[in-house]
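Biologist: Could you walk me through this model before I set anything up with it? I'd like to go piece by piece, if that's all right.

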Amino acid sequence: MPRPDREGDHRARNHPPPRTGSSETEILRGFLDYLRTSIAAKVDGAPEPQVRTAAVPSGTNLLGLLNHLTFVERSIFLGDNVTDWQATFRAAPTDSVADVVARYREVVACANDVLDGCTDLGAPVPRPHPGRRAPSIRWALTHMIEETGRHAGHADILRELIDGTTGR
């Protein structure tokens, strides 16, 4: 495995947190988009088969983290029902890194389309299936910042273990 202090230095320049405006909505969405971009970049270009190989006893792997976040975004912002959360931590064997990254970015774009139509942070997230309880926009954004940030931290460590790549 390449070491950051040797030939093939994989360190990346860290990008500071966003400066996104003054409203609560701009700040929350800015931080969420910052984290979304960070984790997608962490997975994008990671080598096979290491990207789907567990590097810790829990079985967590880099590609599985992004696959999981795709399902979380779909559940929170698009109203999808997920029946087996544990299964979301595994990408299909036929899915390439590019497939999973593209699917994540596509879901993020759809989620942002939903959020673009929401002006009241206290209102519930719009649901395509009426009757299903929905969290407030504020709760959904805060939860996604927490969820994405936690898994982005895991991804930082896993990517560094794979090929020495660091930074955001």
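Biologist: Let's start with isoleucine 39: is it buried or exposed?
Modeller: In this predicted model, isoleucine 39 has a relative accessible area of 0% and is therefore buried, since the cut-off for buried is under 20%. Isoleucine 39 is found in helix α1.

Biologist: And which residues is isoleucine 39 in contact with, neighbours within four places aside?
Modeller: With those neighbours left aside, isoleucine 39 is in contact with Leu66, Leu69, Tyr104, Thr148, His151, Ala152 and Ala155. Glycine 153 is 114 residues away from isoleucine 39 in sequence, and yet their C-alpha atoms are 8.5 Å apart in space.

Biologist: OK, stepping back, how many helices and strands does the chain have?
Modeller: The chain has four helices and zero strands, and the pattern read along the sequence is α-α-α-α.

Biologist: How do α1 and α2 cross?
Modeller: Their axes cross at roughly 150 degrees and come within 9 Å; the angle is over 145, so α1 and α2 are roughly antiparallel to each other. The crossing in which α1 passes α2 is left-handed. On the α1 side the contact is made by Leu32, Arg36, Ile39, Ala40, Lys42 and Val43, and on the α2 side by Leu62, Leu63, Leu66, Leu69, Glu73 and Phe77. Sorted by class, this contact of α1 with α2 has nine nonpolar, no polar and three charged residues.

Biologist: What about α2 against α3, at what angle do they pack?
Modeller: Helix α2, residues 62-78, and helix α3, residues 97-116, pack at an angle of about 20 degrees with their axes 9 Å apart, and α2 and α3 are therefore roughly parallel to each other. Here, too, α2 passes α3 in a left-handed crossing. The residues making the contact include Leu66, Leu69, Glu73 and Phe77 of α2, and Val100, Tyr104, Val107 and Cys110 of α3. By class, the contact of α2 with α3 has 15 nonpolar, two polar and three charged residues.

Biologist: And how does α2 pack with α4?
Modeller: Helix α4 covers residues 137-163, and α2 packs with α4 at an angle of about 170 degrees, their axes being 9 Å apart. That angle makes α2 roughly antiparallel to α4. The contact of α2 with α4 has 13 nonpolar, five polar and three charged residues by class.

Biologist: Switching to the loops, where does proline 49 lie?
Modeller: Proline 49 lies in the loop between α1, residues 24-43, and α2. The peptide bond from glutamate 48 to proline 49 is cis, with omega near -5 degrees.

Biologist: What about valine 56, where is its place?
Modeller: Valine 56 is also placed in the loop between α1 and α2, and with a relative accessibility of 34% valine 56 counts as partly exposed. The C-alpha atoms of valine 56 and leucine 158 are separated by 8.6 Å, although the two residues are 102 residues apart along the chain.

Biologist: Last one, for the chain overall: what share of the residues is buried?
Modeller: Of the 168 residues in the chain, 39% are buried. The chain exposes about 9,200 Å², and carbon and sulfur atoms supply 54% of that area. Among contacts in the chain with a separation of 6 or more, 69% are accounted for by residues 24 or more positions apart.

Definitions and conventions:
Residues are numbered from 1 along each chain as its sequence is written. This is a predicted model: local features need pLDDT of at least 70, side-chain atom pairs count only at pLDDT 80 or more; totals for chains, interfaces and linings use all residues. Side-chain values use heavy atoms; hydrogens and water are left out. Axes are lines fitted to C-alpha atoms, for helices over the stretch in contact, and angles run from 0 to 180 degrees between N-to-C directions. Helices (H or I, at least four residues) and strands (E, at least two) are DSSP runs, numbered from the N terminus. Angles under 35 degrees count as roughly parallel, over 145 as roughly antiparallel, 65 to 115 as roughly perpendicular and the rest as oblique. A crossing is left-handed if the near helix is turned anticlockwise from the far one by less than a right angle, and right-handed if clockwise. Contact means heavy atoms within 4.5 Å. Ala, Val, Leu, Ile, Met, Phe, Trp, Tyr, Cys and Pro count as nonpolar, Asp, Glu, Lys and Arg as charged, and the others, Gly among them, as polar. Buried means under 20% relative accessible area, exposed over 50%, partly exposed in between (1.4 Å probe, protein chains only). Accessible areas come from the Shrake-Rupley method with a 1.4 Å probe; for residues, only the protein chains shown count as cover.
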